[in-house]
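Here are my notes on this model. Please read them with the structure open.

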Amino acid sequence: MTIDKSADLAGGDKELAFQNAASALNLDEVLPMRVFAGTWDNFYFFQSDELFVAEFADVQRELLALEGASVACLINLDETSILEVESAAMIYFDLASSGDDFVAALGGAGGKPGWMHLVDRYVMASNRGTWCIYCEKANDVAIIALADAESARRFASPLRRLRAENIQSLVAGGSVGVTPFNRLVPTWREGLLANFSGRQPEDDSRLGEAGAHIGTTCSCGESSAEIRVDGTVKQLYPNFEMIKTSDWRALLKCPVCGQLWSVDEWDKYQVQLAVKLPDANNWKLDDTDRRKAFLLRSRGGYDAGTCFRAGCEAKSIKGSAYCVDHSYAVGMRI
Ligand SMILES: [Zn+2]
Ligand SMILES: [Zn+2]
């Protein structure tokens with residue numbers, strides 16, 4: 001038997017998994033507040049139903065295998081009055097747990113509903129602790145938190161199977177996006193964005209420094225073709241010539257080297273980019289290509305799979321089920 005509900009902790013790995021799950025949360029908080037305690041690098045959201053199906057056994061085995069862990073502990077927080085290893089309501093899974101085992105453990109027995117059928121809160125972590133899943137089933141929301149930037153690459157395959165995305169992408173999907181992220185009330189949308197926005201791209205550099213140069217030098221030459229910025233256009237580029245503005249973008253010219261830049265107006269909920277342009281004629285068209293290039297670069301390139309969209313054979317990008325074009329089409333920008 002590879003699944004047990006016992007508190008037999010003869011193997012220290014089980015207790016470690018329990019401790020990692022128990023210490024991952026700030027138990028006084030619920031969504032949309034920041035429920036995770038400690039330092040996490042990034043958060044990927046998915047539908048909580050993905051957790052309570054037989055296929056999740058494959059995902060959890062993959063999570064364990066990719067981090068070199070041996071066991072995961074799933075705790076039902078609503079059935080647990082004291083979060084101690086002796087008394088918590090928990091189930092362990094390991095590298096041999098099958099889909100059938102999973103359904104047997106969560107499906108209920110003897111007329112008692114299983115965890116699959118309860119609308120409770122859950123937390124899950126492994127003995128290595130580089131990921132942690134938190135789930136509020138009543139809200140259909142689950143989140144997997146990752147410990148470091150490397151983890152997003154390492155766990156690309158299980159993230160894809162869970163169809164997990166960062167919250168900015170899901171919110172950007174709008175009404176045609178993934179349920180329940182396409183119908184969040186404003187307090188939830190704002191709360192999730194404020195508390196769970198992902199890390200900045202690694203090569204993020206702010207053009208404020210370049211734009212702030214007064215004199216005869218500039219850093220346009222050294223700067224990437226597209227960069228993420230944060231601030232009003234005037235703050236970022238006090239000395240640049242404003243050629244024109246249109247649709248929340250400004251076309252600017254460097255006073256030193258003459259380089260043209262298209263810069264987004266500042267918006268709290270949008271990724272703001274500054275992109276280099278070859279000329280002023282097709283500035284908005286060129287801008288879209290540059291944004292797609294930025295998206296691909298910020299994701300760390302392509303992964304091994306192909307786009308999830310039916311009929312699309314293009315390579316998918318890391319951390320997304322879609323290719324660059326389809327990721328961009330659903331509103332993904334970083
Ligand atoms: Zn310049
Ligand atoms: Zn595609």
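1. Start at Asp 100. Asp 100 sits in helix H3, which spans residues 99-106. Keep in mind that this is a predicted model. Is Asp 100 buried or exposed? Asp 100 counts as exposed, because it has 11 C-beta neighbours inside 10 Å and the cut-off for exposed is 12 or fewer.

2. Now look across from Asp 100 to Ala 57. These two residues are 43 residues apart along the chain. Their C-alpha atoms are separated by 8.5 Å.

3. Which residues of H3 are buried? They are Phe 102, Ala 105 and Leu 106. Look down the axis of H3: the buried residues fall within an arc of 85 degrees, so they line one face of the helix. Their cover includes helix H2 (56-67) and strand S3 (90-94).

4. Check what comes after the helix. Gly 108 follows H3, and its phi is positive, near 95 degrees.

5. Move on to strand S2, residues 71-76. S2 is mostly covered, with five of its six residues buried. S2 pairs with S3 in the antiparallel sense, over five bridges. Within that pairing, Ile 75 has Met 90 of S3 as its bridge partner.

6. S2 is also joined to strand S6, residues 121-126. Five bridges link S2 and S6, and the two run antiparallel. Here Leu 74 has Met 124 of S6 as its bridge partner.

7. The largest nonpolar core has 64 residues. Which of them touch the most other members? They are Ala 21, Phe 45, Ala 72, Cys 73 and Val 123. Strand S8 (residues 141-146) gives the most to this core, with six residues. As a general point, nonpolar side chains in soluble globular proteins tend to be buried together.

8. Take Ala 21 as an example from the largest core. Set aside its neighbours within four places in sequence. Ala 21 is then in contact with Cys 73, Ile 75, Val 123, Met 124, Ala 125 and Cys 132.

9. Finally, the whole chain. It has eleven helices and 15 strands. Of its 334 residues, 38% count as buried. Consider contacts between residues at least 6 apart in sequence: 60% of these join residues at least 24 apart.

Technical notes. Residues are numbered from 1 along each chain as its sequence is written. Chains are lettered from A and ligands numbered from 1 in the order in which they are written. This is a predicted model: local features need pLDDT of at least 70, side-chain atom pairs count only at pLDDT 80 or more; totals for chains, interfaces and linings use all residues. A nonpolar core is a set of buried Ala, Val, Leu, Ile, Met, Phe, Trp, Tyr and Cys residues joined through C-beta atoms within 7 Å. A residue is buried if 20 or more other C-beta atoms lie within 10 Å of its own, exposed if 12 or fewer, and partly exposed in between; C-beta atoms are placed from the backbone. Helices (H or I, at least four residues) and strands (E, at least two) are DSSP runs, numbered from the N terminus. Two residues are in contact if their C-beta atoms, placed from the backbone, lie within 7 Å. The arc is that of the directions from the helix axis to the C-beta atoms. Two strands pair if DSSP finds at least two bridges between them.
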